[in-house]
Amino acid sequence: MSVSDDFTIDAGSTFVGEFEYLTDEGTPIDISAFSARAQVRKSTFRELVFASVPVIDEETFVISMTWTPDQTELLTDSNYVYGLEIYNESTGEVYALTQGVLTVNQEIVK
């Protein structure tokens, strides 16, 4: 089950988000055998705006998701949705970690 995590980003800027997959007690879960993927869409059932490949730190298990200015400048409206999941290609396991609404501050300086 994924957690909803809404946030605001600036179009045309670099965005870096960090995410953790924790037990109920708050201990990081070892996800070093997994890969991560993320997507941004205008709405749940609309076409893909862009995808990214977040990096999982194999020691801390923190997932770092970086979006480049080229990617965030594609966000020309005020709201989008995103999703982040991890998957293990050899076992077929997939876990949706987080999803939410992106509120976008439009780029002023171009």
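**View 1. The whole chain, to get your bearings.** The radius of gyration here is taken over C-alpha atoms, and the globule rule is 2.2 Å times the number of residues to the power 0.38. This is a predicted model. For its 110 residues, a compact globule would have a radius of gyration near 13 Å, and the protein chain comes out at 14 Å, so the two agree. Along its principal axes, the C-alpha trace spans about 40 × 25 × 25 Å.

**View 2. Strands and a helix.** The protein chain has nine strands and one helix. Read from the N terminus on, the elements go β-β-β-β-β-β-β-α-β-β. Of the contacts with a separation of 6 or more, 64% are between residues 24 or more positions apart.

View 3. Buried residues make up 32% of the 110 in the chain. The accessible surface comes to about 6900 Å², and carbon and sulfur atoms hold 50% of that.

**View 4. Zooming in on the largest pocket.** This pocket holds about 360 Å³ of space. Its lining has 18 residues, with Gln39, Tyr82, Gly83, Leu84 and Gln99 nearest the centre. Two or more lining residues come from each of β4 (35-41), β5 (48-52), β8 (79-87) and β9 (94-105). Sorted by class, the lining has seven nonpolar, eight polar and three charged residues.

**View 5. Over to the second largest pocket.** About 210 Å³ of space lies here. It is lined by 10 residues, and Val3, Glu20, Tyr21, Leu22 and Leu97 are the closest to its centre. β9 gives the most to this lining, with three residues. By class, the lining of this second largest pocket has seven nonpolar, one polar and two charged residues.

Conventions:
Residues numbered from 1 in each chain as written. Predicted model: local features only at pLDDT ≥ 70, side-chain atom pairs only at ≥ 80, totals over all residues. Heavy atoms only, no water. 1 Å grid on protein atoms, 1.4 Å probe; cavity = no way out; pocket = protein on both sides within 12 Å on 5 of 7 lines; lining within 4 Å. Points joined across faces, edges and corners; volume = space filled by probe spheres on them. Helix = DSSP H or I, 4+ residues; strand = E, 2+ residues; numbered from the N terminus. Nonpolar A, V, L, I, M, F, W, Y, C, P; charged D, E, K, R; others polar. Buried < 20%, exposed > 50% of the residue type's maximum accessible area, 1.4 Å probe, protein only. Contact = heavy atoms within 4.5 Å. Areas by Shrake-Rupley, 256 points an atom, 1.4 Å probe, with all protein chains shown as cover.
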